[in-house]
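This report describes a protein model in terms of confidence, fold, packing and selected residues. The sequence and structure are shown first, and the account begins with a single residue.

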Amino acid sequence: MKTLIAVLLCTALCWDGLNAQCPDPATLKDVNGAKVCARMFSDSTVIYAQSCQGDSLDSYPGDDIPTISLRWNNRVSSLVVSRFCSLTVWSRFRKQGINRKFSAGIQHRLKDVGQGLGILRDWDNDISGYMCEC
């Protein structure tokens, strides 16, 4: 019986660790401890526990970036928005094209988020500008 309990406990802890790849929206901070409005990641995967990988770009409360840097243009594949914040993104530079507002939480795969009715595109690798509000 003790062995079964130990195996179940280990399995639960290991499973929880697998799901911990994306940061918690309630405690999203940068390396200096400053509040981050949203963190965008270059990689995602169909296995949600392995999303939020690769390079990351932090957005701070009040950031209004109509033209994202060329290094990040059309590279965001997953994102986390901090609690009580929202991230609005645009598909084209200078806040042109389609836009979408992401509320607090984790978006493991932007490939799963369509750009709207009748539009066959998704948001994976299609962000060219953003604004973050808390």
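Arg94 counts as exposed because its relative accessibility is 62%, where exposed means over 50% relative accessible area, buried under 20% and partly exposed in between, with a 1.4 Å probe and protein chains only. Arg94 is placed in the loop between E4 and E5, and its phi is positive, about 55 degrees, although Arg94 is not a glycine. Most residues other than glycine have a negative phi. Phe84, in strand E4, also has a positive phi, near 65 degrees. Phe84 counts as exposed because its relative accessibility is 68%.

**Basis and confidence**

The model is predicted; local features require pLDDT of at least 70 and side-chain atom pairs count only at pLDDT 80 or more, whereas totals for chains, interfaces and linings use all residues. Residues are numbered from 1 along each chain as its sequence is written, and side-chain values use heavy atoms, with hydrogens and water left out. The protein chain has a mean pLDDT (the predictor's confidence in each residue, from 0 to 100) of 87, and 84% of its residues reach 70 or more. Over residues 1-20, pLDDT stays under 50, and the model has 2 contacts beyond four places in sequence for this segment; contact means heavy atoms within 4.5 Å.

**Fold**

The protein chain contains 1 helix and 6 strands, where helices (H or I, at least four residues) and strands (E, at least two) are DSSP runs numbered from the N terminus. Along the sequence, these elements follow the pattern α-β-β-β-β-β-β. Of the contacts in the protein chain with a separation of 6 or more, 64% are between residues 24 or more positions apart. Buried residues make up 36% of the 134 residues in the protein chain.

**Nonpolar cores**

A nonpolar core is a set of buried Ala, Val, Leu, Ile, Met, Phe, Trp, Tyr and Cys residues joined through side-chain atoms within 4.5 Å. Which members of the largest core touch the most other members? They are Leu79, Leu87 and Leu110, in a core of 19 residues. At least two residues of this core are supplied by each of strand E1 (38-43), strand E4 (78-92) and strand E6 (129-133). E4 gives the largest share, 5 residues.

Leaving aside residues up to four places away in sequence, Leu79 touches Arg39, Met40, Phe41, Leu87, Phe102, Gly105, Ile106, Gln107, Leu110 and Ile127. Another core lies apart from the largest one and has 6 residues, among them Cys22, Val36, Phe41 and Val80.

**Aromatic rings and charges**

The structure holds 0 aromatic pairs; rings of Phe, Tyr and Trp (its six-membered ring) pair if their centres lie within 6.5 Å, with planes under 30 degrees apart counted as stacked, over 60 as edge-to-face and the rest as tilted. Charges over rings are listed below; a charge sits over a ring if NZ of Lys or CZ of Arg is within 6 Å of the ring centre and within 35 degrees of the ring normal.

| Charged residue | Ring residue | Distance from ring centre |
|---|---|---|
| Arg75 | Trp72 | 5.1 Å |
| Arg100 | Phe102 | 5.0 Å |

**Selected residues**

Asp64 is found in strand E3 (residues 64-65) and counts as partly exposed because its relative accessibility is 38%. Not counting residues up to four places away in sequence, Asp64 touches Lys95, Tyr130 and Met131. The side chains of Asp64 and Lys95 are joined by a polar contact of 2.7 Å. A polar contact is a pair of N or O atoms within 3.5 Å; within protein, one must be able to donate a hydrogen and the other to accept it, and residues adjacent in sequence count only if both atoms are side-chain atoms. Asp64 and Lys95 are 31 residues apart along the chain, and their C-alpha atoms are separated by 9.9 Å.

Asn73 lies in the loop between E3 and E4. Is Asn73 buried or exposed? Asn73 is buried, because its relative accessible area is 19%. Outside four places in sequence, Asn73 touches Ile68, Phe93, Ile127 and Ser128.

Val113 is found in the loop between strand E5 (96-107) and E6. Val113 counts as buried because its relative accessibility is 6%. Apart from neighbours within four places in sequence, Val113 is in contact with Arg100, Phe102, Gln107, Asp122 and Trp123. The C-alpha atoms of Val113 and Asp124, 11 residues apart along the chain, are separated by 7.8 Å.
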